[in-house]
Amino acid sequence: MAACFSQPIPLKPKTSPKSTSFYTLKVTCSSATNQSQSAKQHLLSLISDQDRGLKTQNDPEKRATIIQAIYAMAEQGKGTVTTGNSLSATWRLLWTTEKEQLFIIEKAPLFGTKAGDVLQVIDVEKKTLNNVITFPPDRVFFVRSNIEIASSQRVNFSRFTSAVLRGKSWEIPLPPFGQG
């Protein structure tokens, strides 16, 4: 879908040199794709220095600005399906307000490490979502859960099914708890 903006530009008619009342329209179009890319770039610039959301926890004004940018992106995508098979992938977490993930990322140095990549592995067909927090060089916290497709643009987390803390040659199963 394209949004078109027009403005009249006066042209002197060839038939009557004294008349200036004839206009033609110059039309410029901006595609919704360009607008959504702009909204995406704006959001990415807002979160780029927020350390995955850690800094935002103590800055309600910045958090509100980021959330407003998220809503603006959602508005750009209104009417599109975002919960189809293209959602099934491994996604790198760039920013979150999810307190448990932020706690683990923030407190990792207490265990002599730092958090590496934080990933979500989504499988729409199987209705699963796996959260993965890596701790280089060889440790990982892995949480399996179920999801439900709520609408063409919304996926809801339903419940945890398992959790494990895994190292190079060890594994500690943890009880899953919590529901969406």
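This is a predicted model: local features need pLDDT of at least 70, side-chain atom pairs count only at pLDDT 80 or more; totals for chains, interfaces and linings use all residues.
Q: With which residue does the side chain of Asp-117 meet in a salt bridge?
A: Residues are numbered from 1 along each chain as its sequence is written, and side-chain values use heavy atoms, with hydrogens and water left out. A salt bridge is a side-chain nitrogen of Lys or Arg within 4 Å of a carboxyl oxygen of Asp or Glu. At 3.2 Å, N to O, the side chain of Asp-117 meets that of Arg-92.

Q: How many residues apart are Arg-92 and Asp-117?
A: This pair links distant parts of the chain. Arg-92 is in strand β3 (residues 89–92), while Asp-117 is in the loop between α3 (99–107) and β4. Helices (H or I, at least four residues) and strands (E, at least two) are DSSP runs, numbered from the N terminus. The separation comes to 25 residues.

Q: How many salt bridges are there by this rule?
A: Besides Arg-92 with Asp-117, the side chains of Lys-78 and Glu-75 meet at 3.6 Å, N to O. Arg-166 also pairs with Glu-171, with the closest N and O atoms 2.9 Å apart. The count comes to three.

Q: What is the relative accessible area of Glu-171, the salt-bridge partner of Arg-166?
A: Arg-166 is partly exposed, with a relative accessible area of 28%. Glu-171 is also partly exposed, and its value is 47%.

Q: Which residue is the bridge partner of Asn-131 in β6?
A: Asn-131 sits in strand β5 (residues 128–135). Two strands pair if DSSP finds at least two bridges between them. β5 and β6 (residues 139–151) run antiparallel and are joined by eight bridges, and they form a hairpin with three residues between them. In β6, Asn-131 has as its bridge partner Val-143.

Q: Which side chain makes a polar contact with the side chain of Asn-131?
A: Asn-131 counts as buried because its relative accessibility is 14%, and six of the eight residues of β5 are buried. Contact means heavy atoms within 4.5 Å; leaving aside neighbours within four places in sequence, Asn-131 is in contact with residues including Leu-119, Phe-141 and Phe-142. A polar contact is a pair of N or O atoms within 3.5 Å; within protein, one must be able to donate a hydrogen and the other to accept it, and residues adjacent in sequence count only if both atoms are side-chain atoms. At 3.4 Å, the partner of Asn-131 is Gln-101.

Q: What distance separates the C-alpha atoms of Gly-167 and Asp-138?
A: Gly-167 is in the loop between β7 and β8, and it is buried, with a relative accessible area of 9%. Not counting residues up to four places away in sequence, Gly-167 touches Asp-138 and Arg-139. Gly-167 and Asp-138 are 29 residues apart along the chain, yet their C-alpha atoms are separated by 5.8 Å.

Q: How much accessible area do Trp-170, Ile-172 and Leu-174 have together?
A: Trp-170 lies in the loop between β7 (154–166) and β8 (171–174), and it is partly exposed at 38% relative accessible area. Patches are made of residues with over 30% relative accessible area and no salt bridge, joining like charges within 9 Å and nonpolar side chains (Val, Leu, Ile, Met, Phe, Trp, Tyr) within 5 Å. Accessible areas come from the Shrake-Rupley method with a 1.4 Å probe, and for residues only the protein chains shown count as cover. The nonpolar surface patch formed by these three has about 260 Å².

Q: What share of the residues of the protein count as buried?
A: The protein has three helices and eight strands, running β-β-α-α-β-α-β-β-β-β-β from the N terminus. Its accessible surface comes to about 12,700 Å², of which 56% belongs to carbon and sulfur atoms. Of its 180 residues, the buried share is 26%.

Definitions and conventions. Buried means under 20% relative accessible area, exposed over 50%, partly exposed in between (1.4 Å probe, protein chains only).
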